[in-house]
Amino acid sequence: MPEPERAVALRANRDFRLLWLSGLFAVIGTQMTALALPLLVLRETGSAVQAGAIGTVSIASLLVTMLPGGVVADRVERRRLMRLCDLGSLTVVTALVVAVWNGHAPLALVLLVAAAGAVITSLYGPAAFGLMRAVVPKDQMGTATARLQARTATARLVGPLIGGALFGVHPVLPFLAEAVGLALSTLCVALVRTRSRPAARPGRAFSRRELTAGLAFLWQLPYLRTVLLVFGLGMNFGFGAMSFTALSVFSDSGRSGVGGGLVVACTSAGALAGALLAPRLRPERRTALLVPATCWLCVATAGALAVVRVPLVAGLLVMACMFLSTVASIGFLSTLLVVTPDDRVGRVQSSAGFLSSLVQPFGPLAGGALLGALGPAGAFTAIGAVLAVSAAVVTFAPSARAVPAHEAAAGDPEGAQRPGRPDAPPAAGGNDPGTGRADPAAAAPPH
């Protein structure tokens, strides 16, 4: 079956290919070291608490710097900012390589690397999001977003496997491989010809108005506000709780890795399949249907998991949820890309990512608490009830059905700001709009 013309045109887009390759090199490196960093701390200290501190420091640093990162990306030339982030990532990873090679990586250095990686992600993600807006025509945004999601899903699938294998040979190898990947990523960004320079704006960069401009823009558009709060926050929380509970139940509370590993593998496979098939499904045209369908499928899956005890069946159910979630997320993100004014794209991306990330650490915690208090059947039932509330809101709320038309957005950027065709919101902010880095597609909920 021949590929659609828009996909062929995107494949011929030299700068998009370079951005795609740049992200592939960096994200695979990130996924390798996401596994290798806690393994390194466990090897050095034998303390699971200190190993867990890596994730805590990384998440905390990311949440604190995400909104300021969007402001910076909306005030400087974005390609140059990406190159500086590349060099910063390469510097901190090289320092870690030297320390591990010399036989001792202090915990302080490892935590510094994790924090620096989160700060760099906060800057790089919004800049890459803005540069992609300049590189990809609006009518190809859905296909471009799907390609980015497929890249990320592939990296998440193979990166930890490669990182674990390399760490088993020698602890320095995954970090050395990431350094090589970052060098290649830097080269790819340097070869991009497109520039994306936001209009200069007066005033202080980090005023409250600037820091909250992205949140204000999202709040003033009913569709974006509803989907991010319900599909981003509520579904991220519920799906995280359901996934962790399934992992615990089907790994027999940690006594067997086979069942839990099967559930994790099926989840990754569902994300990859959704990203690969999304261009043919054109999710940007069906977001109003896909978002509630995803929510109700998750409700049904939680109900089924309350009685199912076969790991393969559980894995297939979670895979179906992840497949539909990925397709719906691509549709939502492509809409977000099209309707956001260019001078606010960094702040809007960082704000969307901030909202989607707020509850992610608490989903597994809630799943574990429910499992301990209610047992498997009760935990899945309670999680299903939470998911059902989200599903009901995105099904019946009028704002969740007021999806901006891509055709109007592609031809009329001002009209794109009127979901359901109310008046466009006033300008918000300004007078005009691991150690690795974020994918521009990462703002798409839920993951």
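Which hand does the crossing of α10 and α12 have? In this predicted model, the crossing of these two helices is left-handed. Helix α10, which spans residues 222-250, packs against α12 at an angle of about 25 degrees, and the two axes lie 11 Å apart. Because the limit for a roughly parallel pair is an angle under 35 degrees, α10 is described as roughly parallel to α12. From α10, the residues that take part in the contact are Tyr223, Phe231, Met235, Phe239, Met242, Ala246 and Phe250, and they meet Thr287, Val291, Thr294, Cys295, Cys298, Thr301, Ala302 and Leu305 of α12. Sorted by class, this contact of α10 with α12 comprises twelve nonpolar and three polar residues, with no charged residues.

Phenylalanine 231, one of the α10 residues in this contact, is buried, its relative accessibility being 0%. Its position in helix α10 also places phenylalanine 231 at a C-alpha to C-alpha distance of 9.7 Å from leucine 387, although 156 residues separate the two in sequence. On the α12 side of the contact, cysteine 295 likewise counts as buried, with a relative accessibility of 0%.

Helix α12 (residues 287-305) also packs against helix α13 (residues 311-339), the two axes coming within 9 Å and crossing at roughly 160 degrees. Since an angle over 145 degrees counts as roughly antiparallel, α12 is roughly antiparallel to α13. The crossing of α12 and α13 is left-handed. The contact draws on Thr287, Leu290, Val291, Ala293, Thr294, Leu297, Cys298, Thr301, Ala304 and Leu305 in α12, which meet a set of α13 residues including Ala314, Leu317, Val318, Ala320, Cys321 and Leu324, together with Phe332 and Thr335. In terms of class, 16 nonpolar and six polar residues make up the contact of α12 with α13, and no charged residues occur in it.

A further helix pair is formed by α2 (residues 14-45) and α6 (residues 141-169), which pack at an angle of about 35 degrees with their axes 8 Å apart. Here α2 passes α6 in a right-handed crossing. The contact of α2 with α6 contains 18 nonpolar residues, five polar residues and four charged residues.

Glycine 363 lies in helix α15, which covers residues 362-396, and this glycine is buried, with a relative accessible area of 0%. When residues up to four places away in sequence are left out of the count, glycine 363 touches Phe237, Gly240 and Ala241. The C-alpha atom of glycine 363 is 7.4 Å from that of asparagine 236, whereas the two residues are 127 positions apart in sequence.

Cysteine 295 is in no disulfide, and the nearest cysteine sulfur, belonging to cysteine 298, is 6.7 Å away; a disulfide would require the two sulfur atoms to be within 2.5 Å. Cysteine 85, for its part, is buried, with a relative accessible area of 4%.

Key
Residues numbered from 1 in each chain as written. Predicted model: local features only at pLDDT ≥ 70, side-chain atom pairs only at ≥ 80, totals over all residues. Heavy atoms only, no water. Axes fitted to C-alpha atoms, helices over the stretch in contact; angles between N-to-C directions. Helix = DSSP H or I, 4+ residues; strand = E, 2+ residues; numbered from the N terminus. Parallel < 35°, antiparallel > 145°, perpendicular 65-115°, else oblique. Left-handed = near helix turned anticlockwise from the far one by under 90°. Contact = heavy atoms within 4.5 Å. Nonpolar A, V, L, I, M, F, W, Y, C, P; charged D, E, K, R; others polar. Buried < 20%, exposed > 50% of the residue type's maximum accessible area, 1.4 Å probe, protein only.
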